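Subject: Structure for you to look at, with notes

Dear colleague,

I am passing on a structure that you have not worked with before, and my notes on it follow. Please keep the sequence and the model open beside this message while you read.

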Amino acid sequence: MPEISSIATPSSAAGPGDAQSACGPAADNGRRSVAIVGGGPTGMTLALALHRHGIHVEIFEARDRAAVRREARILALSEGARQVLGWLDVWPQQAATAIRSIHVSHRGGFGRAVMRAEELEVPALGWVVAASDLIVVLDAAVIAAGIPYHEQQKVGAGDTANFSLTAWAEGAVDAGAGKTRDYGQHAVLCTVGIAEPHRHVAWERFTDEGPMALLPLGSGYAVVLTCAAEMTPRILALDDAGFLDVLQQRFGERHRFTAVSPRAAYPLGLRYRENPVAERQVWLGNAAQTLHPVAGQGFNLALRDVWELTQHVGPAADPGAAALLAAYARGRRLDRKGAIGFTQVLIDAFASDFPLLKHARGAGLLALDLLPPLKNFIARRMMFGARAW
């Protein structure tokens with residue numbers, strides 16, 4: 001299930017190499033205290049989770065709080081993500097549109113696979129929600145909990161020394177801190193109106209120009225259209241009618257698009273830290289791994305990071321203890337590597353236009369649709385990460 005959030009512009013919150021300003025008052029002499037760098041949805045979710053364990057947390061955000069609330073991303077949230085947010089009583093039920101089936105196909109070839117919620121006995125395979133709607137709920141919960149939120153505070157490595165743990169929860173992986181891959185692609189994001197109801201079906205369509213996804217949102221769709229980097233300026237320069245023509249040609253005739261919102265584009269790449277922990281520091285979410293959106297892992301993977309970190313450090317006398325952080329890193333290894341590997345396989349397998357490979361892809365999709373145990377396993381992997389194993 002694709003996810004728009006994973007390709008959005010990173011927060012301007014700094015990484016460890018960008019010390020520019022002091023972060024504010026120290027907390028509890030560093031015992032049972034966590035500084036969270038990044039006041040977006042990942043940082044606020046982590047703050048609420050740790051607060052439930054009685055840990056003193058403070059959030060430091062480089063933007064002003066109002067700008068965070070104006071976040072323009074659209075999020076596709078898995079069932080596992082819904083469970084985490086539900087546990088914290090911050091699930092934006094009224095704003096979420098259910099995904100009850102996912103249709104996967106590739107243009108110009110036979111074979112397709114359809115995953116259905118009823119086959120897995122879950123209410124939905126996922127939900128689509130505007131990030132701003134989720135952030136409003138999270139922010140209200142942070143305020144109600146009395147968690148300090150320091151806006152317009154760009155912090156660096158030495159600024160949080162008085163806390164027992166610093167969690168870097170926003171922004172992309174530092175260029176020199178891990179492995180990288182440039183896909184040479186951009187994702188063009190928008191929403192579209194449609195002539196017929198979407199019936200809660202999400203579409204993943206692989207084409208020679210790159211994958212595209214339609215995510216049900218309200219009465220229309222949120223769109224992620226992947227384009228070669230050199231083609232993106234031309235795509236963005238199209239008027240609404242011209243863009244809808246491109247979209248229709250890429251997607252086919254199963255839906256007729258009637259209107260489109262303004263478009264935005266973001267470069268796509270892979271960046272990840274092989275080790276997401278260091279002495280009294282942890283990186284999670286996009287600060288630990290920034291992925292291509294095709295596998296729908298970005299924010300869902302971030303929430304699994306939050307859950308796992310909370311299980312390790314929440315009950316601990318010292319949340320920054322080296323043994324706890326090492327255990328967290330070991331616990332996240334399988335899920336992180338699985339998500340990265342799954343994303344890479346999809347991109348590489350569907351990127352080639354070699355005829356034999358196109359036939360093999362079609363056969364693979366057909367086999368997947370005819371093997372319910374395998375299909376359900378993959379669907380559960382997308383919903384719950386390594387817990388599905």
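I begin with helix α3, where Glu79, Gly80, Ala81, Val84 and Leu85 are buried, buried meaning under 20% relative accessible area, with exposed being over 50% and partly exposed in between (1.4 Å probe, protein chains only). Helices here are DSSP runs of H or I with at least four residues, strands are runs of E with at least two, and both are numbered from the N terminus. After α3 comes Asp89, whose phi is positive, near 60°.

A word on the basis of these notes: this is a predicted model, in which local features need pLDDT of at least 70 and side-chain atom pairs count only at pLDDT 80 or more, while totals for chains, interfaces and linings use all residues. Residues are numbered from 1 along each chain as its sequence is written, and side-chain values use heavy atoms, with hydrogens and water left out.

As for the chain as a whole, the protein chain contains 11 helices and 18 strands, and 57% of its 389 residues count as buried. Of the contacts in the protein chain with a separation of 6 or more, 78% are between residues 24 or more positions apart, where contact means heavy atoms within 4.5 Å.

Next, the helix packing. The axes of α3 (residues 79–87) and α8 come within 9 Å and cross at roughly 50°, which makes α3 oblique to α8. The axes are lines fitted to C-alpha atoms, for helices over the stretch in contact, and the angles run from 0 to 180 degrees between N-to-C directions; angles under 35 degrees count as roughly parallel, over 145 as roughly antiparallel, 65 to 115 as roughly perpendicular and the rest as oblique. The crossing of α3 past α8 is left-handed, a term used if the near helix is turned anticlockwise from the far one by less than a right angle, whereas clockwise gives right-handed. On the α3 side the contact is made by Ala81, Val84, Leu85 and Trp87, and on the α8 side by Asn300, Leu303, Trp307 and Thr310. By class, these residues divide into 6 nonpolar, 2 polar and no charged, with Ala, Val, Leu, Ile, Met, Phe, Trp, Tyr, Cys and Pro counted as nonpolar, Asp, Glu, Lys and Arg as charged, and the others, Gly among them, as polar.

Helix α8 (residues 298–313) also packs with helix α1 (residues 41–52), at an angle of about 25° and with the axes 10 Å apart, and the two are therefore roughly parallel to each other. Here α1 passes α8 in a right-handed crossing. Pro41, Thr42, Thr45, Leu46, Ala49 and Leu50 of α1 meet Phe299, Ala302, Leu303, Val306, Leu309, Thr310 and Val313 of α8, which gives a contact with 10 nonpolar, 3 polar and no charged residues.

Turning to charged pairs, the count comes to 14 salt bridges, a salt bridge being a side-chain nitrogen of Lys or Arg within 4 Å of a carboxyl oxygen of Asp or Glu. One of them joins Asp335 and Arg304, with the closest N and O atoms 2.6 Å apart; Asp335 lies in helix α9 (residues 322–351) and Arg304 in helix α8, so the pair ties together parts that are 31 residues apart in sequence. Asp335 is buried at a relative accessible area of 1%, and Arg304 counts as buried at 8%. Asp335 also meets Arg332 in a salt bridge (2.9 Å, N to O), and these two residues both lie in α9, 3 residues apart, about one turn of the helix. Arg332 is buried as well, with a relative accessible area of 3%.

Elsewhere, the side chains of Asp139 and Arg65 meet in a salt bridge (2.7 Å, N to O), a pair that links distant parts of the chain, with Asp139 in helix α5 (residues 131–145) and Arg65 in helix α2 (residues 65–69), 74 residues apart. Both Asp139 and Arg65 are buried.

Finally, Gly39 lies in the loop between β1 (33–37) and α1 and counts as buried at 0% relative accessibility. Leaving aside residues up to four places away in sequence, Gly39 touches Met44, Ile59, Phe60, Glu61, Val68, Tyr149 and Glu170. Gly39 and Asp139 are 100 residues apart in sequence and 9.1 Å apart in space, C-alpha to C-alpha.
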